[in-house]
Each structure stands twice: as C-alpha cells, then as structure tokens.
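Work through the exercises below with the model open. Each task is followed by a solution in steps.

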Amino acid sequence: MEWQQLEYFQTLARMQHVTRAAEALSLSQPALSRSIARLEEELGVPLFDRQGRTIVLNRYGRLFLNRTDRILAEYKLAKQELSDLIDPDSGEVALGFLHTLSTGIIPDLIGGFRAGFPAVRFQLIQNHSYSLLEHLHAGELDICLISQPSETRFPIRWTPLWSEEILVVLPLGHPLAGAGSIQLQEIADEPFIFLKKGYALRELTDRLFEQAGIHPRITFEGEESATAAGLVAAGLGISLLPRAGLDHSGVACIRLAGPPCERTVGFAELEGRFLPPAAERFKAYVLGYFGRLGSP
C-alpha cells in the first residue's frame, strides 16, 4: 500500500465522483481508478458500490475512511510538529547540562538567548557528563554542556568553552580554612567526600590523587557537588569541587598549591547528527558569549 493511495481514496470517498476527484488530485481518471482497484485488492474488499457511472461508499468503505481520516490527520500533525521543531525562530532546543551550571551559567545563557528569540522552547536535562552523553546518543538531546570526557564510546564533536579551577572545600572550623593555598599532601589523611565513580569530576580527582601517590579515605560518594559541599559544611569531611555553582556558605574554598587542578567545560554534540536550526542558533550564541567573556 502506498501513502498516496490513502489520499486518493479519501478524496474519492468524500466526492464520490471519479471525474471531479481525478481533477482535484490532478490525475487522469484511469490512473485514479487503477489506484483504487489496487487498494481494494490489497484490502480484500470493495470500498465502493458501482452503480453505472456513479460510485457510492459502502459500509467497508465507510469503516476504512474513518481510519484513513485518522491516519492522514496524524500525518499532517506530525509534519506540522516537525516543522515547528526545526523553525529557527520558534523551534526547540534539547539541552543537557551539569548540575553545577544550573544556578548561574545556564539561566544566564537561556535568558540572554531568549531575549532575542523569545519563541524558542527549551527541553532541559541535568546530570553528570557521561549520563548526558547517553541521552545525547539516544537522540534525547541536541547538545550538552559537560566536562571534557576522558573517553567515550560515542562519536562526539567536542568544543571547549572554559576551564575552571578545582578548589579544596573545607568546613569553616578546619585548621587549614584560613590558608592561602594547600598542598595535597597536607590533606592526605583527611576524610573525603567525593562524587560517585563514573562522574567526570571523580575521574579528575582520582587521577590527581593517583599522580600524587595518595590513597584518599572516602567517607561518602554523592551525585551532586551541592550535596558534597553541604556535607563538608556539616563537618563530615572535605572535598575537591569546581568553583562554578559552589555555595560558599559554611565552607572555606582554598586553592590547591602545585600543579594546577582544573576541569574544562564545553559543548558536546553527536558527530553527524542533524542539529535543528534553533539549536544551531543557540550553539552560535553560546560560542559568541564565551568568546566575548573569555570565562563564565
């Protein structure tokens, strides 16, 4: 069955006149008649009763017309929805981002972009980097703002935007809370609050300790930097966290001495994946935003 056969049948069923239906469809009468005959043969029932030169929709035809109207209406709606999604002025951007970017950077970016394109909609997912890459690969995201992954099984295009320092986060009453900087060896025996294995930030901190030959004592593994900072403030340990989105109330944030410890945040998109025009515009806006500022 061909899609056009449904359109031909629907038109003929409504007009119940071969000549007028053929004219409306810009077809010859024989071509229309052959199309309907093939459709009836495939369905196994006649859809029209022929009475001389006139045709009348029969009960099989009425039943099939009811379903055909629904099918064609859904098709028309789907075409409109797709058209709306790819409209650069009123389409949709499916954006993923890290939890730490949710309090400042993401609202600033979306707010600034929508000032110029107020009709564009955003579908948002926040999670850690590797989870967002899974959503990206599944087609649930157009683009995402994540830490640079050390490895990925997906073919992604990576565009770095900025680098941010990783700080030592201590409770306010800690003896080193007033230090100008801290050597990693000075906190080697402290209880640590880290993010879970599989997070890009956890990979970074694990690599840092491994290079220093330190085996940290981990007392808790969380899913968000805000949770880790809150537990540090409660005196349950110390942590290494990025500056972005960090709540400084109740904690002291001290720079690490020695080799710089930082993470790079950037744009990730799937290689070869169609990017809707609205998402292309948002990407260009973000690149321009950080190109102007040079940092978040």
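**Exercise 1.** In this predicted model, find which residues of α1 and α3 meet, and classify them.

Solution. Step 1: on the α1 side, the residues are Q5, Y8, F9 and L12. Step 2: on the α3 side, they are L32, S35, I36, R38 and L39. Step 3: sorted by class, the contact of α1 with α3 has six nonpolar residues, two polar and one charged.

**Exercise 2.** Determine how the axes of α1 and α3 are oriented to each other.

Solution. Step 1: take α3 as residues 29-43 and find where its axis approaches that of α1; the two come within 10 Å. Step 2: read the crossing angle, which is roughly 105°. Step 3: angles of 65 to 115 degrees count as roughly perpendicular, so α1 and α3 are roughly perpendicular to each other.

**Exercise 3.** Decide whether A13 is buried or exposed, and list its contacts beyond four places in sequence.

Solution. Step 1: locate A13 in helix α1, which covers residues 3-15. Step 2: the relative accessibility of A13 is 4%, and buried means under 20%, so A13 counts as buried. Step 3: with neighbours within four places in sequence set aside, A13 is in contact with F48, L57 and L65.

**Exercise 4.** State how the chain is divided and how far domain 1 lies from domain 3.

Solution. Step 1: the domains are domain 1 (3-84), domain 2 (92-161 + 264-293) and domain 3 (164-262). Step 2: over C-alpha atoms, the centres of domain 1 and domain 3 are 69 Å apart. Step 3: for a residue pair, take A13 and F194, which are 181 residues apart along the chain; their C-alpha atoms are separated by 68 Å.

Notes. Residues numbered from 1 in each chain as written. Predicted model: local features only at pLDDT ≥ 70, side-chain atom pairs only at ≥ 80, totals over all residues. Heavy atoms only, no water. Helix = DSSP H or I, 4+ residues; strand = E, 2+ residues; numbered from the N terminus. Buried < 20%, exposed > 50% of the residue type's maximum accessible area, 1.4 Å probe, protein only. Contact = heavy atoms within 4.5 Å. Axes fitted to C-alpha atoms, helices over the stretch in contact; angles between N-to-C directions. Parallel < 35°, antiparallel > 145°, perpendicular 65-115°, else oblique. Nonpolar A, V, L, I, M, F, W, Y, C, P; charged D, E, K, R; others polar. Domains from an automatic or database assignment.
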